[in-house]
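Here is a short briefing to read alongside the coordinates.

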Amino acid sequence: MKFGKSICVLNVGGTRYAFTREVIRDFPLRRVSRLHACATEKEVLELCDDYDRDRNEFFFDRHAQAFVFIMLYVRSGKLRFVPGVCELSFYTEMLYWGLESAHLDSCCQKRLDDRMSEIGMDTLSEGEIGGTGDESQSPGDSVERSALAGRERWLEMMRKAFEEPNSSIVAQLLASVSVIFVMVSMIMLCASTLPDWDTAKRNTVEEHRIVEAVCIGWFTAECIVRFLVARNKWDFLRRPLNIIDVIAITPYYVTMAMARAGMPGAGLGVAGVILRVLRMMRVFWLMKLARHFLGLQTLGLTLRRCYREMVMLMVFVCVAMAIYSALAQLLEHGLDLGTQNQDYASIPAAAWWVIISMTTVGYGDVYPVTIGGRVLGGMCVVSGIVLLALPITFIYHSFVQCYHEVKFRSARCTRSLSAEILRG
């Protein structure tokens, strides 16, 4: 911004907000942050409805109460609907300021999806909805995109290409390449455990090294690029999938460092054991598929929302296991009735029998021989079925709900991509 004062005033529906130029430049709302890149008043008026040069005040003829809730999102990171305001009206305000449906909390996302399905707007993309609800955007996003700084626009395109597989054709190609490398790495990991692998590796050692190096190189480059284009570096480092990426990539470089230090992985010492453990940690690469497959995304979302039910299930199982294992040890070994069962010599040993009985697995490696122990075993199986069934009902309903939400978002992204291809 090369005009006006150092303090910028945003007037949204009669409510004023004062910010410095530095805050405007890094503002989370895209429409506001782009004001900093404007060099003339003409460019400013493409983003707002009016501008007062003397007071350096930008006027936006928008819903003031809706912007209050959007500012709460800027401060706290949580975006919810305004009570008493139509969901679609608030959604139009979000699109105007540069937010998307993904920024809403999960409960509000479901309300929006249901509302759009009721009136038949679920077939429209976010760009079409924003265009119908905002006349200032009617010329299309091309005017807004032209106002973006080149570097910021490039970073946003790179971020979407690596983080949102359905955002563009390039993103889909990158996702496909990433999946191919994951599958190749998993095949090599599985093949490395075969008895004839060492002989085959000695015959084609150079080819195996090249394939492994190419896979690791792709994953390393992908992780570095995603970190560089991330909006918030700290949030990027805290995400579980990114932590898994680092855990899966690290073993290769540790292996190379140990090999250069003269510590071969085939040894029987501590270094060899650590090396084999690190190599097996590459199985975590399969978690990368969660970015590209609907089912894994649904599973992760379900586990996040049902952590209370999962904890409750674990508490049920642990309490029952403690009670039944103590009684089983007493009936089978502790009473000393001449038929001591050595498989139940201790409570921890009996706990193994309890857990496989409660889950109705029943390997048959451990079983009671006394009448009291068999009666206890029947009670253990029946109570295990009941205890496991109670919280699983809640988890099932949450899984169905999460599946529909993820499927709806994926369909919306696909429609946006189709519209982009048709416009191109």
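A cavity here is a set of grid points where a 1.4 Å probe fits but cannot get out, and a residue counts as lining if one of its atoms lies within 4 Å of a point. Please keep in mind that this is a predicted model. With that in hand, three cavities of 30 Å³ or more turn up in the structure.

**The largest cavity**

- Its volume comes to about 70 Å³.
- Which residues line the largest cavity? They are A161, F162, P165, A171, L174, A175, S178, W218, E222, R291 and H292.
- Two or more lining residues come from each of α9 (150-163), α10 (169-191) and α12 (205-228).
- Helix α10 gives the largest share of this lining, with four residues.
- Sorted by class, the lining of the largest cavity holds seven nonpolar, two polar and two charged residues.

**The α4 and α5 pair**

- Helix α4 spans residues 64-76 and helix α5 spans residues 87-97; the two pack at an angle of about 60°.
- Their axes lie 10 Å apart, and the crossing of α4 and α5 is right-handed.
- On the α4 side, the contact is made by A66, F67, F69 and I70, while α5 brings F90, E93, M94 and W97.
- How do the residues of this contact divide by class, and how many are charged? Seven are nonpolar, none is polar and one is charged.

Conventions. Residues are numbered from 1 along each chain as its sequence is written. This is a predicted model: local features need pLDDT of at least 70, side-chain atom pairs count only at pLDDT 80 or more; totals for chains, interfaces and linings use all residues. Side-chain values use heavy atoms; hydrogens and water are left out. On a 1 Å grid over the protein atoms alone, a cavity is a set of points where a 1.4 Å probe fits but cannot get out, and a pocket is an open set with protein on both sides within 12 Å along at least five of seven lines; lining residues have an atom within 4 Å of a point. Grid points are joined across faces, edges and corners, and a volume is the space filled by probe spheres set on the points. Ala, Val, Leu, Ile, Met, Phe, Trp, Tyr, Cys and Pro count as nonpolar, Asp, Glu, Lys and Arg as charged, and the others, Gly among them, as polar. Axes are lines fitted to C-alpha atoms, for helices over the stretch in contact, and angles run from 0 to 180 degrees between N-to-C directions. A crossing is left-handed if the near helix is turned anticlockwise from the far one by less than a right angle, and right-handed if clockwise. Contact means heavy atoms within 4.5 Å.
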